[in-house]
Amino acid sequence: MSTFLTAAIVIAGTLGIVWPLIIINRKNSRRQNALLLSTFSQASSTRGFDISSQEMLTDHIIGVDSKKQQMLIHKFNEEPAFTSINLAELKSCAITKTFETVHYGNSKNFSAEQELQYIFLQLSFKQKNQDFSIPFYNSRVNSIYQKAELEKKAQFWELLINQMLKQPMMARV
């Protein structure tokens, strides 16, 4: 009986210490996300954009103004912090995945497997030879459990942008 009581006291004490820290961390994360979204909204308003779709990812926010055919990307902690892309200048939009070969086992018995490292939304321009990549999944930052969700988000954005690219030029203006 005393071991159960001791165990209950230890668990309650641990939760009493850890739970407030978890709550504080969640509040800080929500506050920081709200600040980032507010900054993004102000930047889009300054540029005259009316963002119809937006997505907050690990290290950036992307948004698109479907009327003006513009895309705005806000990279956190990087310069330039904001990049705008005129969708009329795009040739294509596609998802690209980067894999890394990982060897398992010892020198006599080993197997090699391909592990997904990155999922990018690759934007190719008509006039420029340089592409623009928007990372959706990074195995060093994101959990493997986030991979399917982030891949679906990348597919949504690929479909959205490609639909905008297929619109007739008169409708774009």
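**Figure 1. Strands β6 and β7 run antiparallel, joined by six bridges.** This close-up comes from a predicted model, in which local features need pLDDT of at least 70 and side-chain atom pairs count only at pLDDT 80 or more, while totals for chains, interfaces and linings use all residues. Residues are numbered from 1 along each chain as its sequence is written, and side-chain values use heavy atoms, with hydrogens and water left out. Strand β6 covers residues 110-125 and β7 covers residues 132-138; strands (E, at least two residues) and helices (H or I, at least four) are DSSP runs, numbered from the N terminus. Two strands count as paired if DSSP finds at least two bridges between them. Together β6 and β7 make a hairpin with six residues between them. Look for Phe 120, whose bridge partner in β7 is Pro 135.

**Figure 2. On to the pairing of β5 with β6, which is antiparallel over 15 bridges.** Here His 103 has Ala 112 of β6 as its bridge partner. Strand β5 spans residues 90-105. The C-alpha atoms of Cys 93 and Gly 105, twelve residues apart along the chain, are separated by 39 Å.

**Figure 3. A closer look at Cys 93 in β5.** Beyond residues up to four places away in sequence, Cys 93 touches Leu 121, Gln 122, Leu 123, Glu 158, Ile 161, Asn 162 and Leu 165; a contact means heavy atoms within 4.5 Å.

**Figure 4. Gln 117, a residue of β6, is buried at 6% relative accessibility.** Setting aside neighbours within four places in sequence, Gln 117 is in contact with Thr 98, Phe 99 and Glu 100, and also with Tyr 137, Asn 138, Ser 139 and Arg 140.

**Figure 5. The largest nonpolar core holds 25 residues.** Such a core is a set of buried Ala, Val, Leu, Ile, Met, Phe, Trp, Tyr and Cys residues joined through side-chain atoms within 4.5 Å. Met 71, Leu 123, Ile 134, Phe 136, Trp 157 and Ile 161 touch the most other members. At least two residues each come from β2 (60-65), β3 (70-75), β5, β6, β7 and α2 (147-166), and α2 gives the largest share, seven residues. A second, separate core of nine residues includes Phe 40, Ile 61, Ala 81 and Phe 82. Back at Trp 157, the residues touched, not counting those up to four places away in sequence, include Ser 53, Ile 62, Val 64, Met 71, Leu 121 and Phe 136.

**Figure 6. Gln 69 sits in the loop between β2 and β3.** Its phi is near 55°, a positive value in a residue other than glycine. Most residues other than glycine have a negative phi. Gln 69 is buried as well, with a relative accessible area of 2%.

**Figure 7. The largest pocket has a volume of about 180 Å³.** A pocket is an open set of points on a 1 Å grid over the protein atoms alone, where a 1.4 Å probe fits, with protein on both sides within 12 Å along at least five of seven lines; lining residues have an atom within 4 Å of a point. The volume is the space filled by probe spheres set on the points. The lining consists of Ser 29, Gln 32, Asn 33, Leu 36, Met 56, Leu 57, Thr 58, Phe 76 and Asn 77. Helix α1 (residues 2-46) gives the most, with four residues.

Definitions and conventions. Buried < 20%, exposed > 50% of the residue type's maximum accessible area, 1.4 Å probe, protein only.
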